[in-house]
Amino acid sequence: MKSDYSKFSNSLTCPSCAAQDTRIFHEIKNVPVNSVMNCNTREQALSFPRGDIILGLCRQCGFIYNTAFDRERVRYCSECEESQAYSPTFNAFAGRLARNLVDKYGLHQKRIIEIGCGKGQFLKLICALGQNSGVGFDPAYIPGRGEIDGSAAQIEFVKDYYSEKYAGYQGDFICCRMTLEHIPDTAVMVETVRRSIGAGPDTIVFFQVPDVTRIMQDGAFEDIYYEHCSYFSPGSLARLFQRCGFDVIDLQREYENQYICLEARPAGRPRKIGHPLYEKVAALVDLVSGFEKKYPLILDQWQTELEQLKQQSQKVVIWGSGSKGVAFLNAIGNSAAIDFVVDIHPYRQQTFMAGSGQQIMAPSFLKDYRPDVVIIMNTIYREEIQQELTQLGLKPDLITLDNP
């Protein structure tokens, strides 16, 4: 989509590398500024605060960011329900990841720090596996949520954003999962982590973020929402850590290529990484150009599909009330064809979707509602959703976002 903001492309400063060479390429106006904050009434959901997304690509380092992001509009607190830990699919991934990290880096009786720990499930798991102690930082943490059996670990939770004032907390392993994409000052954050480590050469850092290359390749507009102000590819993430004084040990794609996982350690003079995932900036420029062409076509396809279903009086629900669901419903602008949203997350049920207002229901609701079509917000959960529907005796048509 052509942008009216292209005139600003040479005056924007990249938060990752500080270059002033940003190309504006994608615009979404008037979207909810929080996707997972519970709305207890439809009126609250429909009047939810909104902001604009204007994505820019730094042509020097490949970092993509929302040039219109206003940090004052976004609030993280205990009313946010971001956890995916009610999904067996996600829990299997998180468990495998934690075990691999404990084994790979000998995390036994160590000190673990997690930045952006959410409700603390992963920190509790990795501490239980290695009998580690830990500290988790997150303003949305809720005491007592997500307990792990068999853990004798000592864990402290700080209900605050991680910042320079907490740089004195020392850890043998520092992890930050699905948080850096919410932070506008990306280089400032990574530099703060580096300073907190100091001269200790043995501390390992682990960061997990969404992979923007998949979003661009697939035209996955449902993965673009206000809280995600920062978008990384493997190369742009590695380049950021190198500039901030880290030696990148490894890069991996995980969760069916949805996530990038980076492992690094402090280094006085980082080595140039030769990992196969370390793409050049030119490749991102091409992906962005492809996304510009795909996006309006995909959006039109969905709007046409939903209009047809509405005309046919089909009962349509979406499965997944998280950020993808909010982004999808607000982007299509035709959510009247969708009356309800389904989610297994118990703390999201009976609330309403920010911006579009659909009520979020438990899967058991479908037994009486008997939908004709279920649109799945994340393809990776198709099997567990199918199992749930089968147990309910239902056989609706299943549609995934990558196959409308």
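The legends below describe close-up views of one predicted model. Residues are numbered from 1 along each chain as its sequence is written, and side-chain values use heavy atoms, with hydrogens and water left out. Because the model is predicted, local features need pLDDT of at least 70 and side-chain atom pairs count only at pLDDT 80 or more, while totals for chains, interfaces and linings use all residues.

**View 1. Confidence along the chain, with residues 1-8 in view.** The pLDDT, which is the predictor's confidence in each residue from 0 to 100, averages 93 over the chain, and 93% of the residues score at least 70. Over residues 1-8 the pLDDT is below 50, although this stretch has 14 contacts in the model beyond near neighbours in sequence, a contact being heavy atoms within 4.5 Å.

View 2. Helices (H or I, at least four residues) and strands (E, at least two) are DSSP runs, numbered from the N terminus. Just after α3, Gln131 takes a positive phi of about 50°.

**View 3. Strand β8, residues 204-210, beside β7.** Seven of the seven residues of β8 are buried. In a regular strand the side chains alternate between the two faces of the sheet. Here Ile204, Phe206, Gln208 and Pro210 point one way from β8, whereas Val205, Phe207 and Val209 point the other way. Strands β7 and β8 pair in the parallel sense over five bridges, where pairing requires that DSSP finds at least two bridges between two strands, and in β8 the bridge partner of Phe173 is Ile204.

**View 4. Ser35 in the loop between β1 (22-32) and α1 (42-46).** Ser35 is buried, with a relative accessible area of 2%. Leaving aside neighbours within four places in sequence, Ser35 is in contact with Tyr225, Glu227, Ser321, Ser323, Val326 and Arg348.

Definitions and conventions
Buried < 20%, exposed > 50% of the residue type's maximum accessible area, 1.4 Å probe, protein only.
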